[in-house]
Amino acid sequence: VAFSQGALPPNAAASVNGMIISNDAVEQGIQAALAQGQKDSPELRKAIIGKLIDISLLAQQAERDGLANSDKANRQLAFIRQSYLADLELSTYVANNPVTDADVQAEYDREIASLGPQGMVVEYKVSDIAVATEADAQAALARIKKGESFDKVAKSVSLAPNKVQGGAVGWVQAGQTLPQIAAVLTTLPKGQVSPAPIQMPQGWYLIKLEDKRTTKPPAFEQAKTPIRNALLQRKQFEFLSQLRKNANIAVQ
């Protein structure tokens, strides 16, 4: 919908040839920049608005040039729509099936009970690379096998926000990761990379075990956030696994 410059709606941050750029769109851009490690500031907001203005100008020109209905555009737009709906479905499922405080406490109690008489936990210092396809993961693994550092490849190809840190995740416990990650992590020698790509709900992963240590278990207050995140990941994985189980999937 087009608006005149003098009649912008309350949620408008800018207008380009009468087409609004919403404050919501600006906020999404800011949050994406913050996830990449940038600092929030008036300058950042100005830069995001400028970028969105450029995008709007180019998109409008693409419409005038007849590119909007090209096969290439339609394929890409269909992919973007599907990706957005997938993220929306996953977030809606989690909102409707939340991890409760009781779930977190029960998981903490289970993990403490599983430590045995010595009461020590094994922690793993992990880095990862996240890509969209198995082919992308195999290509990244081939680069690492040829001698490129995991850090360099992560910064080059990873789709995760931690790419700017070379894929560094930090210290985790096996129980705080999904089963397919834990199965690889607990068998990797220190300093080694997973021998094959690992399929996850969000894509394909390579992991590297940077270091390993034994430590006293954290108090519940320290552990509850990573436990909650792990339970959320597990819930998403189980939901996606059920969808796969009920689907008719053919892969060439």
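This is a predicted model: local features need pLDDT of at least 70, side-chain atom pairs count only at pLDDT 80 or more; totals for chains, interfaces and linings use all residues.
Colleague: What makes E5 and E6 a pair of strands, and in which sense do they run?

Modeller: Two strands count as paired when at least two bridges are found between them, and E5 and E6 have three bridges, in the antiparallel sense, so by that cut-off they are a pair. As an example of residues facing each other across this pair, Met200 stands opposite Gly203 in E6.

Colleague: How do you know that E3 and E6 pair as well?

Modeller: The cut-off is again at least two bridges, and E3 and E6 pair over 11 bridges in the antiparallel sense. Along this pairing, Val126 has Leu209 of E6 as its bridge partner, and Val131 stands opposite Trp204 in E6.

Colleague: What is the order of the strands in the sheet, and why are some of them called edge strands?

Modeller: The sheet is open, with four strands in the order E4-E3-E6-E5 and antiparallel pairing. Strand E4, residues 168–172, and strand E5 are called edge strands because each of them pairs on one side only, where a pair needs at least two bridges. Neighbouring strands of this sheet are turned against each other by 40 degrees on average, with direction ignored. Across E3 and E6 lies helix H5, residues 134–145, which runs at about 50 degrees to E6.

Colleague: How do you know that the buried residues of helix H4 share a side?

Modeller: In H4, the residues Val104, Glu107, Tyr108 and Glu111 are buried, which means that each has under 20% relative accessible area. They cover an arc of only 100 degrees around the axis, and this puts them on the same side of H4. These buried residues pack against helix H8, residues 220–245, whereas the face of H4 turned away from them carries the exposed residues Ala102 and Ala113.

Colleague: What is the span of helix H1, and how does that span stand against the expected value?

Modeller: Helix H1, residues 23–35, has 13 residues and reaches 18 Å from its first C-alpha to its last, which is close to the 18 Å expected at 1.5 Å a residue.

Colleague: Why can one say that the buried residues of H1 line one face?

Modeller: In H1, Val26, Ile30 and Ala33 are buried. Seen down the axis of H1, the buried residues fall within an arc of 60 degrees, so they line one face of the helix. They pack against strand E1 (12–16), strand E2 (19–22) and helix H2 (42–64). Just after H1, Gly37 takes a positive phi of about 100 degrees.

Notes
Residues are numbered from 1 along each chain as its sequence is written. Side-chain values use heavy atoms; hydrogens and water are left out. Axes are lines fitted to C-alpha atoms, for helices over the stretch in contact, and angles run from 0 to 180 degrees between N-to-C directions. Contact means heavy atoms within 4.5 Å. Buried means under 20% relative accessible area, exposed over 50%, partly exposed in between (1.4 Å probe, protein chains only). The arc is that of the directions from the helix axis to the C-beta atoms. The expected span of a helix is 1.5 Å times one less than its number of residues.
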